[in-house]
Amino acid sequence: MAQPKIQYDISRPIYSLTAFDAEFQKANRTYPLGEKIRNLFRCPARRFKALLLAFFPVIIWLPKYKIKECLMTDVLGGISSGTIQVPQGMAFALLANLPPVNGLYSSFFPLIPYFFMGTIHQLVPGTFAVLSIIVGNMCLQLAPESEFQHFNVTLNKIITDVAEMQAVRLRLSGTLACLTAIIQVGLGIMQFGFVAIYLSESFIRGFMTAAGLQIFISVLKYIFGLQVPPYSGPLATIYTVVDILKNLPHTNIASLVFALVSAMILIIVKELNLRYKHKIPFPIPVEIAVVTVATAISRTLNLPEKYNIDIVGAVPQGLPAPMVPEVTKWGDMIGTAFSLAIIGYVINLAMGRTLATKHGYDIDPNQEMLALGCSNFFGSFFYTHVICCALSVTLAVDGSGGKSQVASFCVMAVVLVTLLTLGVYLQPLPKSVLGALIAVNLKNSLVQLSDPYYLWKKNRLDCCVWIVSFLSAFVLGLSYGVPVGVGFSMLMVIFQTQFRNGSSLGQVSNMDIYKNPKVYTQVKELKGIKVLTYCSPIYFANAEIFRRKIFQKSGVDPVKYFLAKRKFIKMQTKERRQKEGKRSQHNIQNKTASLSSLQGIPTDTAGNSAIDSNNNHRAEDTASTCYVICNTSNIISEEVTNCSVTTSGSENNNNPILNAPPFPDFHTLILDMAAVSFMDLMGIKVLGKLHSSYQNIGVNVYLANVQAQVYTDIENGGLFQEGGLERSHLFLTTHDAVLFLQHNQWRQKQNQEPAKTLMSHDSYGNESLLKATDEEEDIEQAMFGSMFNDGNYTSL
């Protein structure tokens, strides 16, 4: 048995927008700029305290830290995650074309500022593969290997000064990190944390997939033990793939065996960690175990000398002395630095939102930008490269139950111990082991290669964004991939707003619901009233499209109708002049007869009949058209008033255009503006032109469901003053406008005799009048085109 439908019954007056604002006392909201500026520079004690707490969140969470509940899990999770941070940092330093010790520096110094300033409790800053490879490309561009090569006469071959090259690149990486940090701090101070919203998920996934594939290709030379020259710039990855394929016959078998065995162990243990993560207190530190065992085997069996295996080499013991960034290099780094600043922030924010949602706390996007910038700035003086969230380490901390930044403090302790005492023992570690560690950690990125298959089914535009982001980053390089991907994403947004489709609306069974009759079969359009809606903002990019959509959906192009009416009047005038010319010629011939011979002859009735039938001045032949002039500016909650009915005998006779065919099949156009979120000046001008164009052919234009901000836009844009639209033509809802018009029609029938029915243009046989000619197109350009040329209103 069907459940009875819940009914609601509302009885209220018909409201125009002006009447509603007056009755319910709409407030005038002002936003004085001067007061905002003064408040910006005021700093009372309360505001200073709030700023201090916001800038250093550690002041808030550290006094509330629960030692008994959190200390043990934070310490264990931090130590176990630190064993991941050490080998991963060294591996990602290779991606940056820097010595492995740079990865240890980057995994230690930036963590100190973030401990005090970070708002993401479980996040551990450190090296990230995507940033490392971008830094590596910059190092190759500014310090290519060819600059450090010289011919050795004794050995009779070209020798590369590796120590000098590494020293120069370390200074470059610190300089780049300093510039990136300044950009991030500047954006954070200016509250530009919102820039991340312009990077869609499809763009991020496509970019990260391309970066992951590039990284995988980059480490193949370490896995196979090949000597492949580094490339940078567009098509660098393609050149690297070609060189690797050419040199495959020269694979170092010992390096390949080390890599394969290490990869198998890493995959197996990682899968076990994932499968039994709820049963073990913290993940098994397989990375540090693999590195330790591989180093021991390599040292014990003296494999590097026997099989010519490429190894990590000497790791300096202790902490480095501070350096001064080379400011003169910033001009060559600005584009890369900006890309690194945005990408690093987006990665941090994406991970932060995930962790905050999982653990139920909030993060401050602008504070995160500041914290990341200060971390990079502090680290830049100690030969670090640009860092962000260390993904694997952060997930390890979260998986082991870490609750706060105390875990990252323990990660720092592990890295510090490695730098001070353990680093010297890592010298014989094969680079192929680090390459295998990187390749295994890229699993999630490479799995995303299947994204287009699923995105195509869900949203094809998002799929296009993914493909463009992936191809631009993979083919052109990561530095170029960011602006290309972001630019294409923005074009997709403009494309979606520019080509949105409007629709005609009809009423649902005499209710206040209006739907598209093409979608709902029980919806009927109103007689004499055309209701249209447009689902997009109206601005410079789609203003002309909006105008044409309104013409298309209404079925009436007012420009062509106006021209057709004028053409009809010209034709009638031409016919009348021809008949008057014939009558004048006949009268001249009659004047040759003498006056006396004509005195007894009755008046020639042919002339009178011609004048009577062709001159179109007889009152009984004039169309008695009735139309309504409504003034709704004084509508209040009690009743609808101030509607006067005027017959054609007074005003329509003064405007022959309105009485000339063809006639549109509706007298009122209602634009439902509910889906319009904003309008710029061009959109407002187009709306004013629409109103004046339809008014010139006898069609009134009304607006309904105008949002408050849109009303402010059209008021400031001059729609009422320059566009000619009356404020009384704005209604609270579409149904208010329809009821108002129906009420006026009913009053017209009550107060006046029925007007003569307007004839359809078909009955006049004037279909050809609606066909555009060159003259009509010129006039249409004059009516609408001038708006796009000089930005001024022109009257019809």
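Visitor: Phe115: buried or exposed?
Guide: Buried. This is a predicted model, and Phe115 has a relative accessibility of 12% there. The cut-off for buried is under 20%, so Phe115 passes.

Visitor: How many aromatic pairs does the model have?
Guide: The count comes to 26 aromatic pairs. One of them joins Trp61 and Phe115.

Visitor: What is the geometry of the Trp61 and Phe115 rings?
Guide: The centres are 5.8 Å apart. The planes stand at 80°, so the pair is edge-to-face. The cut-off for that label is over 60 degrees.

Visitor: Which helices do those two residues lie in?
Guide: Trp61 is in helix α4, residues 58–61. Phe115 is in helix α7, residues 111–117. The pair therefore ties together parts that lie 54 residues apart in sequence.

Visitor: And Trp61, buried or exposed?
Guide: Trp61 is buried, at 15% relative accessible area.

Visitor: Which residues form the aromatic cluster with Trp61?
Guide: Tyr65, Phe115, Phe116 and Phe409 form one cluster with Trp61.

Visitor: New topic. How many residues are in the largest nonpolar core?
Guide: That core has 126 residues. Those with the most contacts inside it are Val130, Val135, Phe207, Ile343, Ile438 and Leu478.

Visitor: Which element gives the largest share?
Guide: Helix α15, with 13 residues of this core.

Visitor: What does Val130 touch, sequence neighbours within four places aside?
Guide: Val130 is in contact with Phe207, Met208, Ala211, Ile215, Ile343 and Leu478. Phe207, Ile343 and Leu478 are also on the list of residues with the most contacts inside the core.

Visitor: What about a second core?
Guide: There is a separate one of 37 residues. Its members include Tyr534, Met679, Tyr694 and Phe720.

Visitor: Back to α15. What does the helix span?
Guide: Helix α15 covers residues 330–359, which is 30 residues. It reaches 40 Å from its first C-alpha to its last. That is close to the 44 Å expected at 1.5 Å a residue.

Visitor: Where does α15 bend?
Guide: At Thr336, by about 35°.

Visitor: What comes just after α15?
Guide: Gly360, with a positive phi of about 75°.

Visitor: Strands now. How many residues of β5 are buried?
Guide: 7 of the 7 residues in β5, residues 502–508, are buried. So β5 is largely enclosed by the rest of the structure.

Visitor: How many bridges join β5 to β8?
Guide: There are 4 bridges to β8, residues 528–534, and the two strands run antiparallel. Ser503 stands opposite Thr533.

Visitor: How does β5 pair with β6?
Guide: In the antiparallel sense, over 2 bridges, with β6 at residues 514–515. Gly506 has Lys515 as its bridge partner.

Visitor: What lies between β5 and β6?
Guide: The two strands form a hairpin with 5 residues between them. Ser509 in the turn has a positive phi of about 50°.

Visitor: And how does β5 pair with β7?
Guide: β7 is residues 523–524, and it pairs with β5 over 2 bridges in the antiparallel sense. Val508 stands opposite Val523 there.

Technical notes. Residues numbered from 1 in each chain as written. Predicted model: local features only at pLDDT ≥ 70, side-chain atom pairs only at ≥ 80, totals over all residues. Heavy atoms only, no water. Expected span 1.5 Å × (residues − 1). Bend = angle between axes of the 7 residues up to and from the residue. Phe/Tyr/Trp six-rings, centres within 6.5 Å; stacked < 30°, edge-to-face > 60°. Buried < 20%, exposed > 50% of the residue type's maximum accessible area, 1.4 Å probe, protein only. Pairing = 2+ DSSP bridges. Core = buried A, V, L, I, M, F, W, Y, C linked by side-chain atoms within 4.5 Å. Contact = heavy atoms within 4.5 Å.
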